[in-house]
Amino acid sequence: MNPIGYTFETYNHAGFLRADDHGKPPSGVSTLEYMPDPALNGEVSSIIEFSEKLANSDYAKRCFIRQTFRYFMGRDETLADACTLDAMETAYDESGGSFITMIQTLATQDTFLYRHVAEEN
């Protein structure tokens, strides 16, 4: 969990801002290393700064799109789904980040319309 967990130090267990951390002001400063997107590595001063880095990460965006695909399709993606994932990302980007537009794009793809059932031997 750490060093990502250190960025949450300014909040308590219920998500409220903390005024005290064992007699000192809480610090959300952390140095992130070995992140899957190298752009996320480096020092952050708070969870807000880390959230902004995530929001600007193409890696995080593609992860979000993959997880959306998996949820609505009820399965993991395969190489055959690459065009669908690309169409979802394009729709998301061109719509200014509209989740609804991304889902509409998924629902109109052949991947969604035609389910393949494996034959039993």
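**Helix contacts, backbone and side chains**

Analyst: Start with who touches whom. In α2, the residues Lys 61, Arg 62, Phe 64, Ile 65, Arg 66, Thr 68 and Phe 69 make contact with α3. Their partners in α3 are Thr 84, Leu 85, Met 88, Glu 89, Tyr 92 and Asp 93. Sorted by class, this contact of α2 with α3 holds six nonpolar, two polar and five charged residues. Bear in mind that this is a predicted model.

User: Next, the geometry. At what angle do α2 and α3 pack, and how far apart are their axes?

Analyst: α2 spans residues 58–73 and α3 spans residues 82–94. Their packing angle is about 120°, and their axes lie 10 Å apart. That angle makes α2 oblique to α3. Handedness is a separate reading: α2 passes α3 in a right-handed crossing.

User: Now α3 and α4. How are α3 and α4 oriented to each other?

Analyst: Read the angle against the cut-off. Over 145 degrees counts as roughly antiparallel. The axes of α3 and α4 (residues 99–107) cross at roughly 150° and come within 8 Å. α3 and α4 are therefore roughly antiparallel to each other. Their crossing is right-handed.

User: Which residues of α3 and α4 meet?

Analyst: From α3 come Thr 84, Ala 87, Met 88, Ala 91 and Tyr 92. From α4 come Thr 101, Met 102, Thr 105 and Leu 106. By class, the contact of α3 with α4 has six nonpolar, three polar and no charged residues.

User: Let us move to single residues. Is Thr 111 buried or exposed?

Analyst: The cut-off for buried is under 20% relative accessible area. Thr 111 has 15% relative accessibility, so it counts as buried. Thr 111 sits in helix α5, which covers residues 110–113.

User: What surrounds Thr 111?

Analyst: Leave out residues up to four places away in sequence. Thr 111 then touches Phe 69, Met 73, Arg 75, Asp 81 and Thr 84. The side chains of Thr 111 and Thr 84 are joined by a polar contact of 2.6 Å. Thr 84 in α3 also takes part in the contact with α4.

User: Now the backbone. What should I check in phi?

Analyst: Most residues other than glycine have a negative phi. His 22 is not a glycine, yet its phi is positive, at about 55°. Tyr 34 is another residue with a positive value, with phi near 60°.

User: Where are His 22 and Tyr 34 found?

Analyst: His 22 is in the segment before β1 (30–32). Tyr 34 lies in the loop between β1 and β2 (42–44). Then check accessibility. Exposed means over 50%. The relative accessible area of His 22 is 77%, so His 22 is exposed. Tyr 34 counts as exposed too, at 75% relative accessibility.

User: One more site. Which polar contacts does the side chain of Arg 18 make?

Analyst: Take the partners one by one. The side chain of Arg 18 reaches the backbone oxygen of Glu 9 at 3.2 Å. With Asp 21, the pairing is between side chains, at 2.8 Å.

User: And the setting of Arg 18 and Asp 21?

Analyst: Arg 18 belongs to the segment before β1, and Asp 21 lies in that segment before β1 as well. Arg 18 is partly exposed, with a relative accessible area of 24%. Set aside neighbours within four places in sequence. Arg 18 is then in contact with Glu 9, Thr 10, Tyr 11, Asn 12 and Pro 26. By that count, Asp 21 is in contact with Glu 9 and Pro 26.

Note on methods: Residues are numbered from 1 along each chain as its sequence is written. This is a predicted model: local features need pLDDT of at least 70, side-chain atom pairs count only at pLDDT 80 or more; totals for chains, interfaces and linings use all residues. Side-chain values use heavy atoms; hydrogens and water are left out. Axes are lines fitted to C-alpha atoms, for helices over the stretch in contact, and angles run from 0 to 180 degrees between N-to-C directions. Helices (H or I, at least four residues) and strands (E, at least two) are DSSP runs, numbered from the N terminus. Angles under 35 degrees count as roughly parallel, over 145 as roughly antiparallel, 65 to 115 as roughly perpendicular and the rest as oblique. A crossing is left-handed if the near helix is turned anticlockwise from the far one by less than a right angle, and right-handed if clockwise. Contact means heavy atoms within 4.5 Å. Ala, Val, Leu, Ile, Met, Phe, Trp, Tyr, Cys and Pro count as nonpolar, Asp, Glu, Lys and Arg as charged, and the others, Gly among them, as polar. Buried means under 20% relative accessible area, exposed over 50%, partly exposed in between (1.4 Å probe, protein chains only). A polar contact is a pair of N or O atoms within 3.5 Å; within protein, one must be able to donate a hydrogen and the other to accept it, and residues adjacent in sequence count only if both atoms are side-chain atoms.
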